[in-house]
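Here is a brief report on one protein model.

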Amino acid sequence: MKSKASAPGKIILFGEHFVVFGIKAILCAIDKRITVTAEKTFDNKITIESNIGNLVADPKTPINKIDSPLRPFYFLADMIIRKQEEKSGLKITVDSEIPLGVGLGSSSACCVAGAAAISGIFEKKSKEEILQMAIEAEKTIFPNTSGADCTVCLYGGLIQYDKKNGYSRIDSEPNFELVIANSKIEHSTKEVVSNVKQFKEKNEERFSKMCTQENELIEDVLVCLKNNDLKCIGRNLIKNQKYLEIIGVSNEKLRNMIEIATKYSFGAKITGAGGGGCIFALTDENNREKTIHQLKENEYDCFSVKIDFRGLDTF
Ligand code: PMV
């Protein structure tokens with residue numbers, strides 16, 4: 001028997017970095033998916049096949065001995081096999097539409113779809129149980145994950161998250177399209193976050209004022225989202241990007257991409273840690289093609305997405 005599940009990627013619309021210091025962030029799921037297929041085998045092995053490589057390992061191998069980006073899948077498979085009375089192996093196949101490692105939620109989507117597909121072979125779990133398993137799996141690669149990424153990948157739509165109150169769904173269903181462009185510069189979230197901490201320590205007063213401003217901006221965005229006011233969301237994207245420039249997470253290439261995208265869209269900014277990774281522009285059907293065309297003219301890799309309201313799907 002095969003068990004199959006798919007989950008969407010995500011982007012951070014507003015609030016990255018400031019969220020580390022207690023400010024609210026807004027995330028949304030995007031309609032690019034990862035599909036995971038799991039099936040029982042009789043070889044007593046855990047086999048994982050994906051477009052970023054393959055892994056074959058024996059069950060009960062200590063997790064720190066699994067040196068592979070596919071570790072969350074191994075973790076999930078091993079945990080679920082251990083709970084079964086009879087011995088069995090598992091084969092897991094991963095199929096991704098999401099570029100990996102550029103802040104578009106590929107690892108969270110893997111964990112959510114992986115938890116649902118692998119557990120689905122043996123029993124049907126609730127969404128809450130799948131979320132807990134997915135977050136545990138993601139911790140095997142990002143020990144400090146807040147769980148916000150897995151949450152948005154599981155439920156789809158828009159969520160708000162802050163450290164004190166956790167996450168909650170935003171009911172708005174704004175009708176926009178996002179053009180995502182990939183700088184193809186590798187970045188380490190950990191390193192960029194640590195640079196921002198240093199910036200804060202050297203500029204306490206300024207940083208604290210910026211947190212207040214970011215907080216006001218986010219509250220304004222929540223109203224714009226409710227009203228589907230793209231011009232207002234766009235203005236806030238431009239403002240938020242200015243704050244990200246000040247705290248030092250941008251660079252020349254990202255600035256150039258944002259400048260081009262802003263000219264033709266409602267607004268654009270970095271998404272995620274910065275230093276590399278992706279930017280996105282807010283568009284609708286009238287300015288989407290022009291924005292894509294201009295970015296491509298400048299040889300930037302880009303594609304458009306909508307908000308995904310489906311979240312986790314199981315088949
Ligand atoms: O680049 P991503 O998607 O891993 O996002 C990082 C978001 C930060 O706010 C910079 C860090 C964090 O832990 O929230």
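Lys 60 touches Tyr 74, Asp 78 and Arg 82, leaving out residues up to four places away in sequence; contact means heavy atoms within 4.5 Å. Lys 60 sits in the loop between strand E4 (53–57) and H1. Helices (H or I, at least four residues) and strands (E, at least two) are DSSP runs, numbered from the N terminus. Lys 60 counts as exposed because its relative accessibility is 61%. Buried means under 20% relative accessible area, exposed over 50%, and partly exposed in between (1.4 Å probe, protein chains only). Ile 46 is 14 residues from Lys 60 along the chain, and their C-alpha atoms are separated by 9.9 Å.

This is a predicted model, in which local features need pLDDT of at least 70 and side-chain atom pairs count only at pLDDT 80 or more, while totals for chains, interfaces and linings use all residues. Residues are numbered from 1 along each chain as its sequence is written, and side-chain values use heavy atoms, with hydrogens and water left out.

Cys 111 has a relative accessible area of 0%, so it is buried. Beyond four places in sequence, Cys 111 is in contact with Pro 72, Leu 76, Ala 134, Ala 137, Glu 138 and Cys 150. Thr 291 lies 180 residues from Cys 111 in sequence and 32 Å from it in space, C-alpha to C-alpha.

**Domains and core**

The chain is divided into domain 1 (2–172) and domain 2 (177–306). These bounds come from an automatic or database domain assignment. The domain centres, taken over C-alpha atoms, are 26 Å apart. At the contact between them, 24 residues of domain 1 meet 41 residues of domain 2.

The largest nonpolar core has 98 residues, and Leu 13 and Ile 26 have the most contacts inside it. A second, separate core has nine residues, among them Val 19, Ala 148, Val 152 and Tyr 161. Such a core is a set of buried Ala, Val, Leu, Ile, Met, Phe, Trp, Tyr and Cys residues joined through side-chain atoms within 4.5 Å. Beyond four places in sequence, the residues that Ile 26 touches include Leu 13, Leu 158, Ile 218 and Leu 225.

**Pockets**

A pocket is an open set of points on a 1 Å grid over the protein atoms alone, where a 1.4 Å probe fits, with protein on both sides within 12 Å along at least five of seven lines; lining residues have an atom within 4 Å of a point. Grid points are joined across faces, edges and corners, and a volume is the space filled by probe spheres set on the points.

| Pocket | Volume | Lining |
|---|---|---|
| Largest | about 1,500 Å³ | 45 residues |

Nearest the centre of the largest pocket lie Glu 138, Phe 142, Thr 145, Asp 149 and Thr 189. Each domain supplies at least three residues of this lining. H2 gives the most, with four residues. The lining divides into 22 nonpolar, 17 polar and six charged residues.

E1, H2 and helix H3 (127–139) each give two or more residues to its lining. H2 again gives the most, here with three residues.

Key. Ala, Val, Leu, Ile, Met, Phe, Trp, Tyr, Cys and Pro count as nonpolar, Asp, Glu, Lys and Arg as charged, and the others, Gly among them, as polar.
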